[in-house]
Amino acid sequence: VGQGGVVLYGKDSATPLPPNPKRGTAGGNNSQPRRVNVAHNVMQDLGRVLVHVAGVALRSASGCVVAHNRVQRCPRYGLQADSFYTTQNSLDNVFEFNILADTNRLTTDTGAIEMLGSGNPGLCGNGSAGWFTNNTVRFNNISHTVGSSSSDGSHVCVHGAGGPPGSCRGLVWGVYLDGGMSGATVHGNVIGATLHGAVFDNAGGNNSITNNVFVGGAGSSVLMNFGTAGGPANPDPVSGVVPSRDIAGSTVKRNIFYFGAGMGADGGVAGRAAAVASMVPWQDEELKNNGSNFNLFFAEEFDAAAVPLFPGGRNLTSWRAGKAPPSLLRCADGARASLVLSEDCSWAWELRADGDEAGVRLPPPPAPPPPPPPPSSA
């Protein structure tokens, strides 16, 4: 088709908008599309005329479910959900059980699944609270996200090859959380790492990336990628510039990081493979406290425990350093707890030996009554 597959565009304005004959829009609030189900479709060979398209494109649309679709051979996104500031956020959408292959064939700075925030993650929310869009990407299969770019207008790089040395941008990811996207969940997906990462968390925060399989191969450089951070306490260590946005770390837990053939310790388009990296100087606040626990790292061609796969040239051992759980509270009965909900410890979160929270701790049983005194001999 000339454009994309399914387009759901809205603009939820607090002030009624005048009609615009040039654009063909009627007057009114132009409310968001809501609670739309797009399921069990095959979409392929899209964007024959307009390139900036998606198989399913949501803009200022909420409560939609996009499930069990196959999207392949398209010039840009497979699936897209974009927000535009406080009253125009895309909230509570679910992308699940989709197969996305051979996407982003003609464009760069893109992903097979793209979710765009409001530009400031503090504005990503329902208008009364930020940092939480509740958008979910789960149980999808993403492979062969291509990426094409040109830095001189005459040579075109396709999937990192074909241009002069150093001219290929390579800005393509499996899941692209862009523009301060916050409060999103990426769970249970199998994601080919493409040129610059399986997941890119750019300028957002409070995102949960859990239980995914990140698959790297020849031409991949990074598996989990971060972008611009923020906060007055976190100026850029090189330029000294203070970012204009706050920062709230994300969580990257229980994922499998797989470094396949051709992704050697000195390979990858960025010079070497990396499990976690950033497009700007790294700040530990990109992750919540203990926000990168319980991940599995496996490499075919090198020792994933020894090679510096983490920011600052750290290997797995040094990456773990300083990330031990916080000191635990101790209840009156001697038991340890990570969070006490009542002063007498009758309600608390207890900790297992492996460091993970086990659940609500019930009060200990009452002590047995003392034995009666022995009978008197008098």
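Entry 1: I looked up an open sheet of seven strands, ordered S2-S5-S8-S11-S16-S19-S22 with parallel pairing. Its edge strands are S2 (37-39) and S22 (251-253), and each pairs on one side only. From one strand to the next, the twist averages 5°. I note that axes are lines fitted to C-alpha atoms, and angles run from 0 to 180 degrees between N-to-C directions. Strands (E, at least two residues) are DSSP runs numbered from the N terminus, as are helices (H or I, at least four residues). Two strands pair if DSSP finds at least two bridges between them.

**Entry 2: source.** This is a predicted model, where local features need pLDDT of at least 70, side-chain atom pairs count only at pLDDT 80 or more, and totals for chains, interfaces and linings use all residues. Residues are numbered from 1 along each chain as its sequence is written, and side-chain values use heavy atoms, without hydrogens and water.

**Entry 3: S5 and S8.** I checked S5 (residues 65-67) against S8 (residues 94-96): they pair in the parallel sense over three bridges. Val65 has Val94 in S8 as its bridge partner.

**Entry 4: S15.** Is S15 (residues 172-178) mostly covered or mostly open? Mostly covered: seven of its seven residues are buried, meaning under 20% relative accessible area with a 1.4 Å probe, protein chains only. S15 pairs with S10 (residues 110-116) in the parallel sense over six bridges. Ile113 has Val175 in S15 as its bridge partner. Three bridges also join S15 to S18 (residues 199-201), running parallel. There, Tyr176 has Phe200 in S18 as its bridge partner.

**Entry 5: the whole protein.** I found one helix and 30 strands. Buried residues make up 46% of the 378 residues.

Technical notes: Buried < 20%, exposed > 50% of the residue type's maximum accessible area, 1.4 Å probe, protein only.
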